[in-house]
Amino acid sequence: YGRRRVGKSTVLRNLDGFLPTSVRVAHLSAQSSDLFTSTSSLIAAIARSANPQAAAPGDLRGLFQILTAENQKLTQEGKRLVLALDEYEMLDQKIGEGVFSKDLLDAMRDSIQSHRAITWILAGSHRITELDHALWPSEMVSARLIQVPLFTAAETRLLLTSPAQYSTLWPKDSPSRPKFDPGFWGVGGIERIHAETGGWPHLVQLVAQTCIDLLNTEGQSTLNGTLLDRAFAKSVVRGEAVFYELLRRESKLPGEWEYLEGFQQSEEQPPPP
């Protein structure tokens with residue numbers, strides 16, 4: 001679980017670089033429309049991810065058989081498979097629309113509990129307690145919650161000074177790996193960027209990119225307070241769609257959006273009733 005734009009999809013897409021070679025990662029994005037036209041299309045995609053040579057299963061029982069056979073093979077070879085399903089909320093939505101049967105969750109639960117060489121990862125910006133078209137807490141009782149948090153101050157500093165720290169595009173300890181001296185961001189610049197963005201990964205990157213663009217335009221080599229102020233202002237415009245998603249779209253309680261709008265005129269407000 002993680003709020004929008006904290007990097008969940010990035011984590012899933014880059015798992016390979018952080019796991020032993022004995023672990024294979026199959027990444028399925030629920031944003032792929034062909035996965036959700038029918039139950040058969042989804043289970044076929046899961047089956048292909050588990051075993052590319054397997055024939056498409058005709059039903060959930062066939063999928064479970066494929067997963068069971070793959071689990072046995074992985075166990076014998078001392079290997080593991082990670083099935084990572086991004087934007088998993090779409091499953092609940094399609095159950096509500098009648099596209100998927102709730103039996104799908106039964107099959108996933110049984111696989112989680114019995115296939116020890118297969119690990120399921122369901123990633124999304126909603127907790128299972130927020131989904132209301134199936135009994136998710138009951139079905140996923142064996143699952144564990146991993147929360148993707150916002151950056152700490154140290155993590156913001158690391159991103160701004162060594163943005164490719166863990167990239168596999170450069171050999172370990174390569175001197176050509178991109179780095180920024182802390183002074184590049186100006187006196188107290190890193191701390192201010194962290195404070196203004198709250199450590200939200202996407203917003204840290206948004207401000208940093210805007211800073212770089214401004215420096216290139218102005219022909220300067222380091223930031224100062226004036227340029228940083230301009231970068232914050234331009235970032236608000238550039239990130240309009242993201243701010244709308246994080247603020248307006250998630251304001252669902254009566255009066256919630258109006259309360260947030262109040263911060264346009266005042267830095268502080270009394271807590272809402």
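This is a conversation about how the terms used for one predicted protein model apply to it.

Modeller: The model is predicted, so local features need pLDDT of at least 70 and side-chain atom pairs count only at pLDDT 80 or more, while totals for chains, interfaces and linings use all residues. Residues are numbered from 1 along each chain as its sequence is written, and side-chain values use heavy atoms, with hydrogens and water left out.

Biologist: What makes up the secondary structure of the protein?

Modeller: There are twelve helices and three strands, where a helix is a DSSP run of H or I with at least four residues and a strand a run of E with at least two, numbered from the N terminus.

Biologist: How many of the residues in the protein are buried?

Modeller: Of the 273 residues, 37% are buried, meaning that they have under 20% relative accessible area with a 1.4 Å probe and protein chains only.

Biologist: Why is a set of residues called a nonpolar core?

Modeller: The name applies because its members are buried Ala, Val, Leu, Ile, Met, Phe, Trp, Tyr or Cys residues joined through side-chain atoms within 4.5 Å. The largest such core has 35 residues, and Leu 83, Leu 91, Trp 120 and Trp 136 have the most contacts inside it. Its largest share, six residues, comes from α2. Apart from it lies another core of 16 residues, among them Phe 184 and Leu 228.

Biologist: What does Trp 136 touch?

Modeller: Not counting residues up to four places away in sequence, Trp 136 touches residues including Tyr 88, Leu 91 and Leu 122, a contact being heavy atoms within 4.5 Å.

How values were computed:
Buried means under 20% relative accessible area, exposed over 50%, partly exposed in between (1.4 Å probe, protein chains only).
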